[in-house]
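Work through the exercises below with the model open. Each task is followed by a stepwise solution.

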Amino acid sequence: AAYVSLRRAAHLRADEAVLGAGLLTCAEAIAACTILGAFGLLRPGPVRAATGALILAHLAWAARLPAPRAHRSPSPWPIVLWPALIVFGAVAGLRLALAAALPVESWDGLSYHVPILWRWIEQGSFDLAGWSGPQRWFPWNGEILPAWLALLDGGNLDAVKTVQVLGLPLMAAAGSSLARRLAGPAWAAAGALALAAVPIAVIHTGLPYVDLLYGAWWIGAAACAVAWDRHGRPAHLLLWALGFGLALGAKATLYFMAPLVLPLLLAAAFDPSRRRALLRSAPAVVAIVLAAGGVCYIRNWIEQGSPIFPYAFKLAGRTVFAWPFEPGQLLVTVEQWFVPGKAGWLWYPLRETMKGAVAYSSENGFGPLFMAGWFLFPLAVWRSWRARDRAGIGFLSLLPATALFFLTLHPTREQRYVIFAAAVPIVGLAILLRDLRGRARTAALALWSAGIVVGLAGVAAYGATDAGLSR
């Protein structure tokens, strides 16, 4: 219903309408549950009624608008991508089937994600009085979404095991939009499949975590930023705010949100029309961000005197928010599971290991396409710079900005926290290949397809090498 209304109201292309509809659906479900939970109405009946009302509202709105003009696809789905698509369907289906049939796995899922959901659903509200850990103060978008699905199913918590699969359509739609705008329509299908089939993303579809949802919302916002830079349409900017807000309200890693502002600032700095549009839209953008992801931070500020409670924050040596934990105090040695030191991350894509074993897990696994894009990344930047592609430069800047915060501020250096970062070198690889034609392009797409299949083979082997971490 959201897709139909967006297609008609905003006149978006199909992939961008899928992306926008996914972001809008997640935001509306979270907002509805937040309001119901505040009044102690987090029950199956009220949640079903609210969901039905939202569907009817979208359809009624769409009925008042003319149907959009059909955009004829400039190129069909390349036949050489079909093997990768079939393998992706088989591996993702197996992953979801096993996750649905077996008990919940994962440390964080069992220690707080699922118990918090169970308590919410049992009592019909968000009250976590007496909860001994700091998780009661964490952002909660990633928990409210599975609560919504569980309540639609009468309170059945089985939904929590596979809720993150909702991130894959968003990853695919963002990949299609990014590849089409930055590398050309011939690479849209390749970009969509590559982002949906990132190995760690497929693994996370069966985990009660929030990392895949967070990554999908993040990269969705990035795709909207590129679209806004290219066309300057308000709909893209507002959808950027929606994706940004959803990600902001999913994890407390606020420093990873900062890079998402770079493409907007770059466009505003070099284009007066974009700058004026950004200033005019600023109140609406801020309002959407706060509505989609600011509720927990506002609650923490009111109740604890700090929006980022229980974490401390210092700026230029001065304490802005003083509370029990600082990021440096939380640093643990999990980085040694993957590399001996920070410099090791430069070569890690060549041989992705987990505790010495060459394997993908819930903590690592970006795949062969990421590896190729990683080592060719400087060429992608140079190519965009020579072409004076401002949107491309803005998007590619997301990788070094994220890497900076990953290496300096992030306390636990695991790839699962930055699943979204895999998209940047992969799209960069498509940028490098965009001028290929005929047999050269077919050969490149065949290698692209093979890279996806190899990565998915690692997903199929998930859990075989480290029984202590997974089944």
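**Exercise 1.** Is Ser106 buried or exposed, and where does Ser106 lie?

*Solution.* 
Step 1. Ser106 belongs to the loop between α4 (82-101) and α5 (107-123).
Step 2. Phi of Ser106 is near 100°, again positive in a residue other than glycine.
Step 3. Its relative accessible area is 14%. The cut-off for buried is under 20%, so Ser106 is buried.

**Exercise 2.** Find how far Trp82 is from Ser449, in sequence and in space.

*Solution.* 
Step 1. Start in helix α4, which holds Trp82.
Step 2. Trp82 has 42% relative accessibility, so Trp82 counts as partly exposed.
Step 3. Count along the chain: Trp82 and Ser449 are 367 residues apart.
Step 4. Take the C-alpha to C-alpha distance: 8.0 Å.

**Exercise 3.** Show why the buried residues of α16 line one face.

*Solution.* 
Step 1. List the buried residues of α16 (residues 377-386): Phe377, Ala380, Arg383 and Ser384.
Step 2. Look down the helix axis. These buried residues fall within an arc of 115°, so they line one face of α16.
Step 3. Recall the helix geometry: with 3.6 residues a turn, residues three or four places apart point the same way.
Step 4. Turn to the face away from the buried side. Pro378, Trp385 and Arg386 are exposed there.
Step 5. Identify the packing partners of the buried residues: α15 (368-375), α17 (390-396), α18 (398-408) and α19 (423-433).
Step 6. Check what follows the helix. Just after α16, Arg388 has a positive phi of about 55°.

**Exercise 4.** Which residues does Glu414 touch, leaving out those up to four places away in sequence?

*Solution.* 
Step 1. Glu414 is placed in the loop between α18 and α19.
Step 2. With a relative accessible area of 6%, Glu414 is buried.
Step 3. Its contacts, under that exclusion, are Val334, Phe338, Glu363 and Phe406.

**Exercise 5.** Describe how α13 crosses α12 and α10.

*Solution.* 
Step 1. Two packed helices are described by the angle and the distance between their axes.
Step 2. For α12 (residues 262-270) and α13 (residues 272-293), the axes come within 5 Å and cross at roughly 125°.
Step 3. These two helices are therefore oblique to each other. Their crossing is left-handed.
Step 4. On the α12 side, the contact uses Leu264, Ala267, Ala268, Ala269 and Phe270; α13 supplies Pro272, Arg274, Arg275 and Leu278.
Step 5. For α10 (residues 211-231) and α13, the axes come within 9 Å, also crossing at roughly 125°. This pair is therefore oblique as well.
Step 6. Here Trp228, Asp229, Arg230 and His231 of α10 meet Arg274, Ala277 and Leu278 of α13.

**Exercise 6.** Which stretch has a pLDDT below 50?

*Solution.* 
Step 1. The protein chain has a mean pLDDT of 90, with 92% of its residues at 70 or more.
Step 2. Residues 465-471 fall below 50. Beyond near neighbours in sequence, this stretch has 16 contacts in the model.
Step 3. Where pLDDT is low, predicted coordinates should not be read in detail.

Terms used
Residues numbered from 1 in each chain as written. Predicted model: local features only at pLDDT ≥ 70, side-chain atom pairs only at ≥ 80, totals over all residues. Heavy atoms only, no water. pLDDT = per-residue confidence, 0-100. Contact = heavy atoms within 4.5 Å. Buried < 20%, exposed > 50% of the residue type's maximum accessible area, 1.4 Å probe, protein only. Helix = DSSP H or I, 4+ residues; strand = E, 2+ residues; numbered from the N terminus. Arc of directions from axis to C-beta. Axes fitted to C-alpha atoms, helices over the stretch in contact; angles between N-to-C directions. Parallel < 35°, antiparallel > 145°, perpendicular 65-115°, else oblique. Left-handed = near helix turned anticlockwise from the far one by under 90°.
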